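Hi,

Here's the structure I promised to pass on. Have a look, and my notes follow below.

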Amino acid sequence: AERDGLTFPLLSDPDTAVHRAYATWGEKMNYGKLIEGVIRSTFVIDEEGVIVLAKYNVKATGHVARLRRELGLG
């Protein structure tokens with residue numbers, strides 16, 4: 001966070017408790033093989049801590065641009 005000048009906290013979840021609480025851990029396909037792991041997801045959280053947008057099974061390519069459009073950020 002410090003290196004990249006982030007203005008929000010980062011979370012580490014080695015026991016997957018938070019992943020499981022937010023349904024971001026489970027079975028997924030990886031190169032045609034069913035595995036258990038992190039389901040790539042994005043949550044947009046407002047100033048009061050309320051999730052205003054949740055996206056699951058996101059693909060990295062184009063994701064930020066898509067979010068910016070959906071959130072009216074240009």
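Strand β3 (residues 41-45) and strand β4 (residues 51-56) run antiparallel and are paired over five bridges; strands here are DSSP E runs of at least two residues, helices are H or I runs of at least four, both numbered from the N terminus, and two strands pair if DSSP finds at least two bridges between them. Serine 41 has tyrosine 56 as its bridge partner in β4. Five residues sit between these strands, and in that hairpin glycine 49 has a positive phi near 85 degrees.

Before I go on: this is a predicted model, with local features needing pLDDT of at least 70 and side-chain atom pairs pLDDT 80 or more, while totals for chains, interfaces and linings use all residues. Numbering starts from 1 along each chain as its sequence is written, and side-chain values use heavy atoms, leaving out hydrogens and water.

Asparagine 30 is bridged to lysine 33 in β2, and tyrosine 31, in a hairpin with two residues between the strands, takes a positive phi near 55 degrees.

**Before the helix**

Aspartate 13 lies in the segment before α1 (17-21). Not counting residues up to four places away in sequence, aspartate 13 touches Val18 and His19 (contact: heavy atoms within 4.5 Å).

Leucine 11 is also in the segment before α1. Leucine 11 counts as exposed because its relative accessibility is 63% (exposed is over 50%, buried under 20%, partly exposed in between, with a 1.4 Å probe and protein chains only).

Cheers
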